[in-house]
Amino acid sequence: MTTAKWSNPVGAAPSVPPSGLDFWRELVTPFGPAGWRIMIRVLVFGVLAALVWGIESATDTSVAIDLTPYEIAGVTLSLLLVLRTNAGYERWWEARKLWGGITNQCRDLVVVALATGSRDRQWREQIARWTAAFAHVVRRNLRGERQLPELAALLGEAEAARVAVAVHMPSYVSAKIAAQLAAALEREEISGFAFLEADRDRALLLDHAGGCERIAATPLPQAYVIKIRQLVFLFLVALPFALISRVGWLTPLITIITAYPLLALDEIGAELQRPFSTSALNHLPLDDVCATIERNLLAQLEFEPPPSQDYA
């Protein structure tokens with residue numbers, strides 16, 4: 001399987017609706033590195049099944065076992081794998097919703113600040129650029145990265161360097177936004193109501209970042225993952241002994257056909273636990289999301305506030 005790349009990231013315009021050819025196009029999609037890992041595992045179990053069939057054919061000793069226990073075990077194992085996949089998908093979907101919140105709050109904060117705040121061009125640019133920087137910083141922080149080329153372009157090398165050495169980069173950027181809002185309020189360049197609205201959005205941004213950090217820092221319990229993989233291994237190793245008396249020389253093929261969906265579900269469940277990692281199969285396209293946020297926020301600078309504002 002190839003690493004998924006969305007054509008419609010959060011905040012982007014709707015993409016072209018799927019066509020009827022998508023089924024066939026995706027059916028023949030080349031395997032990526034993870035896909036080859038699955039196929040290698042599948043072939044290993046196929047080879048083991050071939051050895052069992054070879055031993056059965058070359059000797060007078062029967063190694064066949066009744067199929068009934070495997071039918072029950074297969075249903076149970078499939079349910080466990082589906083539950084694990086659903087748990088992984090819930091984490092992925094929650095991460096997707098949190099980044100939708102980051103997108104919306106970034107826009108709301110900048111719209112409120114620019115529409116009701118100071119007419120000073122430098123202040124307006126700083127609010128928009130620091131808010132765009134917040135999204136980039138959250139993305140880098142979730143990936144454990146301290147290189148911030150996007151911030152260097154938005155804020156300058158000096159500010160980017162200060163952010164990079166902060167203990168918690170999102171909190172540092174949030175504090176800078178709060179300081180700019182507070183300074184505008186003190187100079188009476190923004191109303192108290194508008195300040196509260198913008199500051200609420202700023203606080204929600206930090207809440208969303210914390211939610212993403214929780215997902216990144218707390219994967220599913222490792223004992224749960226280990227036990228399921230041990231059960232998958234034992235089931236597939238023992239499966240040829242149940243098949244050989246019924247399908248004979250087709251035992252390796254049937255084992256491969258059975259192993260593929262089980263191992264694929266196991267891999268999907270593991271990959272969905274890491275929605276922020278670029279090495280995961282279906283990671284969130286955070287580079288595109290952050291680029292969209294930055295583009296949207298900087299575009300707001302083109303709109304000028306009303307010629308007069310009275311906050312009395």
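Is Glu125 buried, partly exposed or exposed, and at what relative accessibility? Glu125 has a relative accessibility of 23%, so this residue counts as partly exposed. The legends below describe close-up views of a predicted model.

**View 1. Salt bridge between Arg129 and Glu125 in helix H4.** The closest N and O atoms of Arg129 and Glu125 are 3.2 Å apart. Both residues belong to helix H4, which covers residues 121-142. They are four residues apart, about one turn of the helix.

**View 2. Salt bridge between Arg162 and Glu159 in helix H6.** Here the closest N and O atoms are 3.5 Å apart. Helix H6 spans residues 157-164, and the two partners are three residues apart in it, so about one helical turn separates them. Arg162 is partly exposed, at 43% relative accessibility. Glu159 has a relative accessible area of 19% and is buried, because buried means under 20%.

**View 3. Salt bridge between Arg200 and Asp201.** The closest N and O atoms of this pair are 3.5 Å apart. Arg200 counts as partly exposed, with 41% relative accessibility. Asp201 counts as buried, with a relative accessibility of 1%.

**View 4. Network of salt bridges that includes Asp287.** Salt bridges link Arg139, Arg140, Arg143, Glu145, Glu150 and Asp287 into a network. In general, side chains of opposite charge can pair when their charged atoms come close. The structure as a whole holds 18 salt bridges.

**View 5. Nonpolar surface patch containing Val47.** The patch is formed by Ile40, Val44, Val47, Leu48 and Leu51. Together these residues have about 440 Å² of accessible area. Val47 lies in helix H2, which runs over residues 33-58.

**View 6. Crossing of helices H3 and H9.** Two packed helices are described by the angle between their axes and the distance between the axes. Helix H3 covers residues 68-116 and helix H9 covers residues 222-247. Their axes come within 11 Å and cross at roughly 150°. Angles over 145 degrees count as roughly antiparallel, and H3 and H9 are therefore roughly antiparallel to each other. The crossing of H3 and H9 is left-handed.

Terms used: Residues numbered from 1 in each chain as written. Predicted model: local features only at pLDDT ≥ 70, side-chain atom pairs only at ≥ 80, totals over all residues. Heavy atoms only, no water. Patch = residues over 30% accessible without salt bridge, like charges linked within 9 Å, V, L, I, M, F, W, Y side chains within 5 Å. Areas by Shrake-Rupley, 256 points an atom, 1.4 Å probe, with all protein chains shown as cover. Salt bridge = Lys/Arg side-chain N within 4 Å of Asp/Glu carboxyl O. Helix = DSSP H or I, 4+ residues; strand = E, 2+ residues; numbered from the N terminus. Buried < 20%, exposed > 50% of the residue type's maximum accessible area, 1.4 Å probe, protein only. Axes fitted to C-alpha atoms, helices over the stretch in contact; angles between N-to-C directions. Parallel < 35°, antiparallel > 145°, perpendicular 65-115°, else oblique. Left-handed = near helix turned anticlockwise from the far one by under 90°.
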